[in-house]
Amino acid sequence: MKATLAPFSFTSLPYRTNSSFRSPSLLLKSPSSASLTTAARGSVALKATTSTEALREGIAEFYNETSGLWEEIWGDHMHHGFYDPDSSIQLSDSGHREAQIRMIEESLHFAGVTERVKRLVDVGCGIGGSSRYLASKFGAECIGITLSPVQAKRANDLAAAQSLSKRVSFQVADALEQPFEDGKFDLVWSMESGEHMPDKAKFVKELVRVAAPGGRIIIVTWCHRNLSQGEETLQPWEQNLLDRICKTFYLPAWCSTDDYVNLLQSHSLQDIKCADWSENVAPFWPAVIRTALTWNGLWSLLLSGMKSIKGALTMPLMIKGYKKGVIKFGIITCQKPL
């Protein structure tokens, strides 16, 4: 099936206006500072800093090792594809890569990006597939940031090969401490990087800070399901499933689309919308597994290292999470007031 840009009905998920976060993934409880000695407070802060640094290093090492394998098999877009519900795409089809392009276009459409973008940032850029596509589409300047030096170098090499180096560049930087001045970008783009952020509130705050007045923010990310009324946490089996995925893919605690909406509301942003696209990405992980089980895929896995092998073995857990309704593929967008 050729994944063309077919019309799609976008329906925003209902969200709570209550600004308190009931999801445990956004609240890291620690002993009250009033009950701690100065030395103890320093110890808690040191442990938190060490944990964040270890996560940052783990993410960088994971993508340093696995990005080459992904590019070899799937190309330069390191994200899900967007498919029509119940679509069937055979392994031999080029439809999967077209679906990844469609994901970009559907995200722009949902966010209401209709005017020409002059300057954009790709937060968690991978090897720059989205950046180069968007820069070419809009004739825009684009800066991509990643924790992986290997990704940044490869992204810059690909930009040079496509004669885009004057408008597109990539650098190693932390999404929670972006090296940009306030209000710099017309479009702030985060395609499947939010799940790596240990502090979702700080992540959103940085996205808002670097967005220009009137600019759009697009967050496409893995989430856990929204909690039902009266629920305080996920069920133990659900949390256990997510914890197993976290260990492989270097993810901190997950959050829900409701959590993101509440965070954006706290910044008084406009036109906040969200949707669950889980059905539209359903064919993706089975296709990745089928690719990994080819002779070329298996050989490439063995050559790429243990992190890639562990990633492949964890893919069935992602499929289980989607089928059980624990994992949701969410898009959350908004506009910064003028």
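At what angle do the axes of helix α6 and helix α10 cross, and within what distance do they come? In this predicted model, the axis of α6, which spans residues 236-249, comes within 9 Å of the axis of α10, which spans residues 306-324, and the two cross at roughly 150°. Because an angle over 145 degrees counts as roughly antiparallel, α6 is described as roughly antiparallel to α10. The crossing of these helices is left-handed. On the α6 side, the contact is formed by Trp237, Leu241, Arg244, Ile245, Thr248 and Phe249, which meet Lys310, Gly311, Thr314, Leu317, Met318, Lys320, Gly321 and Lys324 of α10. By residue class, the contact of α6 with α10 comprises 6 nonpolar, 4 polar and 4 charged residues.

The crossing of α2 and α3 is right-handed, whereas that of α6 and α10 is left-handed. Ile101, Ile104, Glu105 and Leu108 are the α2 residues that meet Ser130, Tyr133, Leu134, Lys137 and Phe138 in α3. The residues of this contact between α2 and α3 divide into 6 nonpolar, 1 polar and 2 charged.

Aromatic pairing was examined next. Over the whole structure, a search finds 14 aromatic pairs. One of these is formed by Phe62 and Tyr250, whose rings lie 5.9 Å centre to centre with 50° between the planes, a geometry classed as tilted. This pair links distant parts of the chain, given that Phe62 belongs to helix α1 (residues 38-74) and Tyr250 to the loop between α6 and α7 (257-265), 188 residues apart. The two partners also carry separate burial classes: Phe62 counts as buried at 7% relative accessibility, while Tyr250, at 24%, counts as partly exposed.

A further pair involves Trp222 and Phe249, whose ring centres are 6.0 Å apart and whose planes stand at 80°, so that the pair is edge-to-face. Trp222 is part of strand β5 (residues 211-224) and Phe249 is part of helix α6, so this pair ties together parts that are 27 residues apart in sequence. Trp222 is buried, with a relative accessible area of 10%, and Phe249 is likewise buried, with a value of 9%. Phe249 is also among the α6 residues that take part in the contact with α10. Both pairs belong to a cluster in which ring pairs link Phe62, Tyr63, Trp70, Trp74, Trp222, Phe249, Tyr250, Trp254, Phe284 and Trp285.

Backbone geometry draws attention to two serine residues with positive phi values. Ser163, although not a glycine, has a positive phi of about 60°, and this residue is found in the loop between α4 (149-161) and β3 (168-172). The relative accessible area of Ser163 is 67%, and the residue is therefore classed as exposed. For Ser268, phi is near 55°, again a positive value in a residue other than glycine. Ser268 is placed in the loop between α7 and β6 (270-276), and with a relative accessible area of 56% this residue is exposed.

Notes
Residues are numbered from 1 along each chain as its sequence is written. This is a predicted model: local features need pLDDT of at least 70, side-chain atom pairs count only at pLDDT 80 or more; totals for chains, interfaces and linings use all residues. Side-chain values use heavy atoms; hydrogens and water are left out. Axes are lines fitted to C-alpha atoms, for helices over the stretch in contact, and angles run from 0 to 180 degrees between N-to-C directions. Helices (H or I, at least four residues) and strands (E, at least two) are DSSP runs, numbered from the N terminus. Angles under 35 degrees count as roughly parallel, over 145 as roughly antiparallel, 65 to 115 as roughly perpendicular and the rest as oblique. A crossing is left-handed if the near helix is turned anticlockwise from the far one by less than a right angle, and right-handed if clockwise. Contact means heavy atoms within 4.5 Å. Ala, Val, Leu, Ile, Met, Phe, Trp, Tyr, Cys and Pro count as nonpolar, Asp, Glu, Lys and Arg as charged, and the others, Gly among them, as polar. Rings of Phe, Tyr and Trp (its six-membered ring) pair if their centres lie within 6.5 Å; planes under 30 degrees apart count as stacked, over 60 as edge-to-face and the rest as tilted. Buried means under 20% relative accessible area, exposed over 50%, partly exposed in between (1.4 Å probe, protein chains only).
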